[in-house]
Amino acid sequence: QLHAGAEASISHESAGELHDVPQVPRGLVVLSVPTRRRHHPPGVKWHRVDDLRPDDVVDMDGLRVTSLLRTVVDLAAVLHIARVRAMVEQGVLERRFSLVGVGATLGRVRRKGKPGVGKLDRVLDDLGPGDGIPNGELERLLGPVLRLAGLPAPVHEHPLPGHGARTGFVDRCWPEA
């Protein structure tokens, strides 16, 4: 990072590792640098960017690191779609970020030809409004089973009915029933 200059930020896989995103490969050195920087040292991968805003960067122990939301958007360019989906699902389930936050960050940095945009769009569309994110494998498999059975679309994560002491949500519900 010192070699890259004061405007450089740890990003992509390296930022994912620092933010403790389990879906990213470990041990890589990846930086986002201003577009005018050309030569990276051996063993370091550079992404030349011109759209990093101050709120895209956080301080972690004195190091400039892309924020978790910006890191998620950047990682969509380098991870397989299955890993992107798992990363987004887990981050939302753990309440580390929201789908709206990811979508807003993606919308701000989106440009024609930017790698990962289509992939992340697909993931956000699949997980978007109206559908909850499955908490487990069986819950994830329930959606296709209900569609194959010809049932109408249920409400996801519906509050438990009644006025008792128990609070929580049911995975799927047809309130009219």
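Leaving aside neighbours within four places in sequence, which residues is Val-123 in contact with? The views below are of a predicted model, in which local features need pLDDT of at least 70, side-chain atom pairs count only at pLDDT 80 or more, and totals for chains, interfaces and linings use all residues. Residues are numbered from 1 along each chain as its sequence is written, and side-chain values use heavy atoms, with hydrogens and water left out.

View 1. Val-123 is found in helix H5. Helices (H or I, at least four residues) and strands (E, at least two) are DSSP runs, numbered from the N terminus. Apart from neighbours within four places in sequence, Val-123 is in contact (heavy atoms within 4.5 Å) with Ile-81, Val-84, Arg-85 and Val-88. The residue has a relative accessible area of 0% and is buried. Buried means under 20% relative accessible area, exposed over 50%, and partly exposed in between (1.4 Å probe, protein chains only). From C-alpha to C-alpha, Val-123 and Val-84 are 7.5 Å apart in space, yet 39 residues apart in sequence.

**View 2. Helix H3 crossing helix H5.** The axes of H3 (residues 81–93) and H5 come within 10 Å and cross at roughly 50°. Axes are lines fitted to C-alpha atoms, for helices over the stretch in contact, and angles run from 0 to 180 degrees between N-to-C directions. H3 and H5 are therefore oblique to each other. Angles under 35 degrees count as roughly parallel, over 145 as roughly antiparallel, 65 to 115 as roughly perpendicular, and the rest as oblique. The crossing is right-handed. A crossing is right-handed if the near helix is turned clockwise from the far one by less than a right angle, and left-handed if anticlockwise. Ile-81, Val-84, Arg-85, Val-88 and Glu-89 of H3 make the contact with Lys-119, Leu-120, Arg-122, Val-123, Asp-126 and Leu-127 of H5. By class, these residues are six nonpolar, no polar and five charged. Ala, Val, Leu, Ile, Met, Phe, Trp, Tyr, Cys and Pro count as nonpolar, Asp, Glu, Lys and Arg as charged, and the others, Gly among them, as polar.

**View 3. Helix H4 beside helix H5.** The axes of H4 (residues 99–109) and H5 (residues 117–127) cross at roughly 150° and come within 11 Å. That makes H4 roughly antiparallel to H5. H4 passes H5 in a left-handed crossing. From H4, Leu-99, Val-102, Gly-103 and Leu-106 meet Val-117, Leu-120, Asp-121, Leu-124 and Leu-127 in H5. The contact has seven nonpolar, one polar and one charged residues.

**View 4. Helix H2 and its surroundings.** Seven of the eight residues of H2 (residues 68–75) are buried, so this helix is largely enclosed by the rest of the structure. The buried residues are Leu-68, Arg-70, Thr-71, Val-72, Val-73, Asp-74 and Leu-75. They pack against H1, strand S3 (44–49), strand S5 (63–66), H3, H4 and H5.

**View 5. Gln-23 in a loop.** Gln-23 lies in the loop between helix H1 (12–18) and strand S2 (29–34). At 10% relative accessibility, Gln-23 counts as buried. Leaving aside its neighbours within four places in sequence, Gln-23 is in contact with Leu-79, Arg-83, Ala-86, Met-87 and Gln-90.

**View 6. The chain as a whole.** The chain has six helices and seven strands. Of its 177 residues, 38% count as buried.
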